[in-house]
Protein chains: 2
Amino acid sequence: MKNERGILFILSGPSGVGKGTICKALRAQKLNIQYSVSATTRNPREGETHGVEYFFKTKEEFQKMIDQNELLEWAEYVGNYYGTPIEYVNQTLDEGRDVLLEIEVQGALQVKKTFPEGVFIFLTPPSLDELRSRIVGRGTETEDLINNRMAVAKEEIEMMKHYDYSVVNDEVESACDRIKSIITAEHCKVSHVQPKYEKMFRS
Amino acid sequence: MKNERGILFILSGPSGVGKGTICKALRAQKLNIQYSVSATTRNPREGETHGVEYFFKTKEEFQKMIDQNELLEWAEYVGNYYGTPIEYVNQTLDEGRDVLLEIEVQGALQVKKTFPEGVFIFLTPPSLDELRSRIVGRGTETEDLINNRMAVAKEEIEMMKHYDYSVVNDEVESACDRIKSIITAEHCKVSHVQPKYEKMFRS
């Protein structure tokens, strides 16, 4: 498997579906995969380290990255910028390691344009009721906000068609197993391994 | 997952690569997958049961199946006919169960024409040296026959490009794990699950 380029996996899905939880669980399993580190202009929270949770940038630095096309995608959210530096992703892939990028739906659609060879995984709720109870469960939202987020989530689920895979987040462990299977399967794709065989049989 | 149609997986690869061994190991794991049963005109060997190892047919019966397009593929081998009955495959898929079909490369290419929605998995040797030693290891072949079979195997490996996945048979357990991952991943394909979600969100 040496000298093969890594694969970029994009994990996305509607707000509230549990992307962060799944990503954390995958990290805990110490897979041979690198987690993409985003750049942001928001202030570090307690315990966050530059280069680990985020690359913390000033607005000027971030604007420069946008201008120089150094981001796979970026977005503004509640007054702050968030984005994915291309360089970090490409370096890691060139080293032959896979990259997992956890990202909102709109960002994933941007990545699809800038990096179409990525493998796009959509995390789905088992049902709309379940999604609502997860959003309510956070306990921080008013009824209006909950309805609004549900409407957005429904629109986001429509975006599933732009993805390669859809993984239902019924249980964290099962969802992680499915994602690991997708990673394994993608490495078995003929388009991925054929160059290696052609080389082997020529020598 | 109820009411989803099953998926037909075709496991193929060059002669000597170990398709039979892998298939036997998968069977032992009692996966939720049905193994396709071939029709043949050859005589049953000791311990073989009609409908289990093969559907045993007369030449006349087999010819009728050919004429009525009742076979996904068929071939003549050492004076006997072998083929895959379509009806058995379709019935099983309609029941929502996957089918695994273990088959020679030429047969798989025929199935690709008659059943392009199948998932085609190509089993490869770790190296040509390894393939040669497996063919020699059977101890039943002369040097000429071995060279001939190696030449055929090289041509067959060229056929990998017509397949979806390539699984290296380095160790039986690892190869089986990769195939199981492919099965899981294929069930997560958006093209496979989207109709279910559309239905869920419409109701």
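The questions below go from a chain to the pair.

Visitor: What kind of model is this, and how many helices and strands has chain A?
Guide: This is a predicted model. Chain A has nine strands. Its helices number eight.

Visitor: What is the radius of gyration of chain A, and what does the globule rule give?
Guide: For 203 residues the globule rule gives 17 Å. The value for chain A is close to that, so the chain is as compact as a globular protein of that length. The radius of gyration of chain A is 18 Å.

Visitor: What rotation superposes chain A on chain B, and what kind of axis is that?
Guide: Two copies of a chain are related by a rotation about an axis and a shift along it. Here the shift is 0.0 Å and the RMSD is 0.1 Å. The rotation is 180°. That is the relation of a two-fold axis.

Visitor: Which residue of chain A has the C-alpha nearest the axis?
Guide: Its C-alpha lies 2.2 Å from the axis. The residue is A:Ser181.

Visitor: Why do the copies meet through the same surface?
Guide: In the contact, 27 residues of chain A face 27 residues of chain B. Interface residues of chain A are also interface residues in chain B, so the surface is the same. The share is 100%.

Visitor: How much area do chain A and chain B bury between them?
Guide: The size of an interface is often given as the accessible area lost when the parts come together. Of the area here, 73% is on carbon and sulfur atoms. The total is about 2,300 Å².

Visitor: Which elements of chain A give two or more residues to the side that touches chain B?
Guide: One is a strand, β9 (165–168). The others are helices, α7 (172–188) and α8 (190–202). So the names, by the numbering of strands and helices, are β9, α7 and α8.

How values were computed: Residues numbered from 1 in each chain as written. Chains lettered and ligands numbered in written order. Predicted model: local features only at pLDDT ≥ 70, side-chain atom pairs only at ≥ 80, totals over all residues. Heavy atoms only, no water. Least-squares fit on C-alpha atoms with pLDDT ≥ 70 in both. Contact = heavy atoms within 4.5 Å. Buried area = accessible area lost by both parts, 1.4 Å probe. Helix = DSSP H or I, 4+ residues; strand = E, 2+ residues; numbered from the N terminus. Rg over C-alpha atoms; globule rule 2.2 N^0.38 Å.
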